[in-house]
Amino acid sequence: MNSGDYKLARSNTQWSLQPEIEMKFAHFLINQAVDAAFCLGENAQFLYVNDATCRMTEYSREELLSMRLQDIDIDFSLHNWSNINSEGSLILKSRYRTKGGRIFLVEISISYVKQQDIEFGCAFVREISDEIVELSVQKWTDGLRDAKDNLQQEFSQLKSKEIELEASLSLLRSTLESTAIGIVAVNSEGDILSLNQKFVDMWQIPDSLILSKKCPRCKAFFENQLKDPQAFNRLIWEVSSQSDFESYDILELKDGRVFAHYSKPHLLDNKIIGRVWSIWDITESKQTEEALRLNAVRFRTLAETTDTSTFLIQGTRLCYINPAVEQLTGYTKEELLTGFDLRRLIKSKRRRQVRQQSEATNFEYQEMNILTKSGTERWLACAVVMLDGVLDFGGKPVEMIAGIDITDYKYAELGLNQALEQAKQLSELRARFLSMVCHQFRTPLNIVSFSNSLLKEEVDKRTQKKIQPLLDHIQKATEQLGQMLDDILFFSKAEAAKINYEPKPLELVDFCNDLVAEMQMTISKIRINFVTQENSLTACIDKKLLEPILKNLLDNAIKYSPSGMTVDLRLSCENEQVIFQVEDRGIGISALDQQRIFEPFYRGTNIDHIPGTGLGLSILKTLLDIHHGQVSVESQLGVGTTFTVTLALIKPEFSSSEL
């Protein structure tokens, strides 16, 4: 019909042709609409569909007119359709499945219509998947920016701890250098690892000498100074790394000096890796001992002038002390020798194994803990000798104790061991962390950089087949980077106990359904199958801690499963416990790896090039500890893996006002 005909039709037959023309125009406009539109009859039967509906669902018009809405709407049963009759219209979101199996999110606007005793629903549908993706990208960008700031703060804190550790080590070195005794550390191979300047001065070691068992000049240097050349070999280089006893030894030098050597094993992770020696000059003490044997008068003369604290004990009372004891304890001679309770002074004694060097050294070595008058504790390394037939004391046996103050050494030794262990742990953790971060950052960032450069060259060609793979590369790389940063920050917070445990009533069946639906929207090659015998199960659980636990297990199951496989999530309740099981049919975990998979940054030996940080299961274990829960794993290589998470079932308590 040309324009003239149309005008004629309107002028001559306006009332009879107008509805027919308007109906044709309406039909034409509806089929040209971008959004899908359809009418529903009884039982949601399709009565009419436009072309956009066919394009969206991939079904033909004939196929759709023989179907019902629930055939393509996955969430049809979740919506309250009865509200349409009362309210007249309804706007909701749902998920549709195309004929080819693609699932996407839509927004539906449906109105109830009644005309000439005919009731039907008129719906307009718009796909909103792209809007969610844009929102997720923006959310990820904001999270990445916050993660960067937090990571920089973590590095600053780590740097501060490193500076504090260096200051502690510097103070420790100063303490060792200021002590009055020589200190030397020897490994199980006999090599001298560390020593202080006092040791060098005592032995008068030249700067050119290499202190190593493998150096013949070093061995000859020490042997040439000793009356017994083999003594140094026995004490230093032939010490067994399995000898767990503490020892006290005496070395006599050719120049007349006498050195006392005290040693104890150096442990690391309950394993002996060497020994630490304390060496001091006891030439005076030795002479004092000889003088006591020859003449009591000479003994007293020497004892009064030595810095070594000297006690004579007969039975349970002190019968002699030298001035060094007064200076050490803070008590006067009159206080100690007049009815003094010895238990107030000597808190404890510890005997140590002694190697006898000669008949003249028939004494035993003890460590004594002394409580001074001011209330402070001091440690003494003591040579204890029993003297028989001393005329000055009625010929009765007298115990002589010659001790030197080793309190500074004790504290230095404790601080040294703690500092060395802390330094080792910090160094290993930092090395593993930095190695992992550098490796994991480099690959995604290289992909982003390379893909972006290619994208800039191709963007003007408007060729979608070339641009789409590049965009996919960028998306995958940035997802890896974001996940890694999230894992590192979450792990850091969990380890630092910055995550509070706040259990609240949670309906677990609905929670699992929502979690599976959310994850399934982004995954098409692996299907997640949620299985439970419970219609409803409510427990007091912290949702913000439970969600990452299950997400981590499901992500791992999907990541390590071949395409087309199914991952099962099971929920059950037994013996007042909530049990979650995630089972896959993927590559499996070896028995050796199962012993370490919950350690930070540890990854299985059979993962090949599958990306990951090695933090996921460590985070899971930390969160379960906060929940007071447990996790176990059963796996077989090439068959699959099952993780079982068990939490205590804490039922919520409702007051009468809440019912």
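Modeller: Before we start, a helix here is a DSSP run of H or I with at least four residues, and a strand is a run of E with at least two, both numbered from the N terminus. The model is predicted, and local features need pLDDT of at least 70, side-chain atom pairs count only at pLDDT 80 or more, and totals for chains, interfaces and linings use all residues. Residues are numbered from 1 along each chain as its sequence is written, and side-chain values use heavy atoms, with hydrogens and water left out.

Biologist: Okay, where is threonine 372 then?

Modeller: Threonine 372 sits in the loop between β14 (364–371) and β15 (377–387).

Biologist: Why is threonine 372 called buried?

Modeller: Buried means under 20% relative accessible area, exposed means over 50%, and partly exposed is in between (1.4 Å probe, protein chains only). Threonine 372 comes out at 5%, so it counts as buried.

Biologist: Which residues does threonine 372 touch?

Modeller: A contact needs heavy atoms within 4.5 Å. Not counting residues up to four places away in sequence, threonine 372 touches Leu328, Thr329, Tyr331 and Arg378.

Biologist: And what makes the link between threonine 372 and threonine 376 a polar contact?

Modeller: A polar contact is a pair of N or O atoms within 3.5 Å; within protein, one must be able to donate a hydrogen and the other to accept it, and residues adjacent in sequence count only if both atoms are side-chain atoms. The side chains of threonine 372 and threonine 376 are joined at 2.7 Å, so the pair meets the 3.5 Å limit.

Biologist: How about threonine 646: buried or exposed?

Modeller: Buried, because its relative accessible area is 17%. Threonine 646 lies in strand β23 (residues 640–648). Leaving aside neighbours within four places in sequence, it contacts Gln577, Val578, Ile579, Gly629 and Gln630.

Biologist: What makes asparagine 43 exposed?

Modeller: Asparagine 43 has a relative accessible area of 54%, so it is exposed. This residue is in the loop between β1 and β2, and has a positive phi of about 60° although it is not a glycine.

Biologist: Why is glutamate 58 called partly exposed?

Modeller: Its relative accessible area is 41%, so glutamate 58 is partly exposed. Glutamate 58 sits in the loop between α3 (51–57) and α4 (61–65).

Biologist: How do you know that β1 and β2 pair?

Modeller: Two strands pair if DSSP finds at least two bridges between them. β1 (residues 36–40) and β2 have three, in the antiparallel sense, and phenylalanine 38 stands opposite valine 49 in β2. Five strands form the open antiparallel sheet, in the order β2-β1-β5-β4-β3. β2 (46–49) and β3 (89–97) are at the edges, each with a single partner strand, so one side of each lacks a neighbour in the sheet.

Biologist: What span is expected for α19, and what does it reach?

Modeller: The expected span is 1.5 Å times one less than the number of residues. α19 (residues 616–627) has 12 residues and reaches 17 Å from its first C-alpha to its last, close to the expected 16 Å. Of those 12 residues, 10 are buried, including Leu617, Ile619 and His627.

Biologist: Where is pLDDT below 50?

Modeller: pLDDT is the predictor's confidence in each residue, from 0 to 100. The chain averages 76, with 74% of the residues scoring at least 70. Over residues 1–17 the pLDDT is below 50, and it also stays under 50 over residues 655–659. Where pLDDT is low, the predicted coordinates should not be read in detail.
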